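Morning, everyone. I'll take the aromatic rings to begin with, then the ligand. Please have the model up on your screens.

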Amino acid sequence: MSKKETFVTLEKLQEIDKTYPTPYHLYDEKGIRENAKRLKEAFSWNKGYKEYFAVKATPNPYILNILKDYGCGVDCASMAELMMGYALDYKGEDIMFSSNETPAEEYEYAAKIGAIINLDDITHIEFLDKILDGKFPETMSCRYNPGGYFKLGTDIMDNPGDSKYGMTHEQIIEAFKILKGKGVKNFGIHSFLASNTVTNEYYPTLAKILFELAVELKEATGVNIKFINLSGGIGIPYRPEQEANDIAVIGEGVHKAYDEVLVPAGMGDVSIYTELGRFMLAPYGCLVTKAIHEKHTHKEYIGVDACAANLMRPAIYGAYHHITVAGKEDAECDHMYDVVGSLCENNDKFAIDRMLPRIDKGDYIIIHDTGAHGFSMGYNYNGKLKSAELLLKENGDVQMIRRAETPKDYFATFDFSDILGKLNL
Ligand SMILES: *Cc1c(COP(=O)(O)O)cnc(C)c1O
């Protein structure tokens, strides 16, 4: 059981409020750094180890620059994400391009900036061949999907057989042969078989599957396997009753599989890559919002100044996000509330039937674990504007790392100056 603690106090929130109004996403630099350091240490046994942070989780240059201090590269899946990596001076192979259903111009750009291209499907070889005029990069990666269910013991973790990603066993062998014929020298294998796993067994189990595949691929095709990319999927305890993963144990589990499978096959020089997003950032960000209404009808509602446009996970996945009422950390949770946003959508609820301390108007509501797939999934439905992102620095200062949207941003993609002129934006 993990006690869900916040990294910010009521006093600090009151101080922030003088400069930055709620709602906003707040990130904890100290937590991000300590965690990145633990990850690096957990895989330090592997000489070529590298984490490619999944940019989609928290696409903010300031956050990426913090992770860069720990040797992290970036994992991108779109033109804008690639551009961000390039703008931040990530060099060539520090950028992984793990996309799917990829438009031609994105492949072209990825190749131009020297990113490692991770192919989602065998048919993309021909697609890429035309774009690159037959000139393939020296290093290429392919994404694998074994199908079926992904199990740990008897527990079903996820359903790769129903996932759109990756190549079958037969296809990946064929893909390696074709790419070798096109002059590719170094190969990577990538796979993402279960999401948000809260167990130390996921990575080691996945690693063993991929290590065995690597040995088979090397024997069948004679290619040089440069890296194995375990991708994302290491989860976090969103719920208080969940036990957090221990990244040191996970690193050792992968190490053991490496020594059992790759080393005896003479492949002890293969690099391990990861593309973690959630594990790197989720616990080190929170959405801070204020209670602005209370409503007593068929249920007890607390209306807050954030909405699903700031954090979509509860609305689209029914995801649990823990809530702390700032300053009432030790008060008894003797009130049952739905904590709701202002969208004209009845799924705009951050919590349903949640036992919380009594909430008063003006209370700060801290929604936990929004540091990954939080702000970045936001949208503009109902004309709602995206919030600011703030960084709580190690020295206690607060830095705005993205300003809040204004109506001018919302209207920026219209070109009806005759109509919008009236707004004087
Ligand atoms: C989303 C994604 C990740 C990151 O997943 P997390 O669950 O945040 O760790 C990594 N790689 C790829 C290809 C992804 O699509």
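Look at the ring cluster. Ring pairs join F43, W45, Y49, F150, Y202, Y203, F211 and Y258. Keep in mind that this is a predicted model. In total, the structure has 16 aromatic pairs.

Take one of them, W45 with Y258. The ring centres are 5.2 Å apart and the planes sit at 70°, so this pair is edge-to-face. The cut-off for that label is over 60 degrees.

Now, which parts does the pair tie together? W45 is in the loop between α2 (29–42) and β2 (50–54). Y258 is in helix α9, residues 247–262. So the contact ties together parts that are 213 residues apart in sequence.

Buried or exposed, what about Y258? Y258 is buried, at 4% relative accessible area. W45 is partly exposed, at 21%.

The charged end of K68 sits over the ring of Y90, 4.5 Å from the ring centre.

On to the ligand. How many residues surround it? The count is 15, and the closest are K56, E275, G277, R278 and H373.

E275 places a polar side-chain atom 2.7 Å from a ligand nitrogen. H373 has a polar side-chain atom 2.7 Å from a ligand oxygen. G277 uses its backbone: an N or O atom there lies 3.1 Å from an oxygen of the ligand. As for cover, the ligand taken alone exposes 390 Å², and the protein buries 90% of that.

Key. Residues are numbered from 1 along each chain as its sequence is written. This is a predicted model: local features need pLDDT of at least 70, side-chain atom pairs count only at pLDDT 80 or more; totals for chains, interfaces and linings use all residues. Side-chain values use heavy atoms; hydrogens and water are left out. Rings of Phe, Tyr and Trp (its six-membered ring) pair if their centres lie within 6.5 Å; planes under 30 degrees apart count as stacked, over 60 as edge-to-face and the rest as tilted. Helices (H or I, at least four residues) and strands (E, at least two) are DSSP runs, numbered from the N terminus. Buried means under 20% relative accessible area, exposed over 50%, partly exposed in between (1.4 Å probe, protein chains only). A charge sits over a ring if NZ of Lys or CZ of Arg is within 6 Å of the ring centre and within 35 degrees of the ring normal. A residue is near a molecule or strand if one of its heavy atoms lies within 4 Å of it. A polar contact is a pair of N or O atoms within 3.5 Å; within protein, one must be able to donate a hydrogen and the other to accept it, and residues adjacent in sequence count only if both atoms are side-chain atoms. Accessible areas come from the Shrake-Rupley method with a 1.4 Å probe; for residues, only the protein chains shown count as cover.
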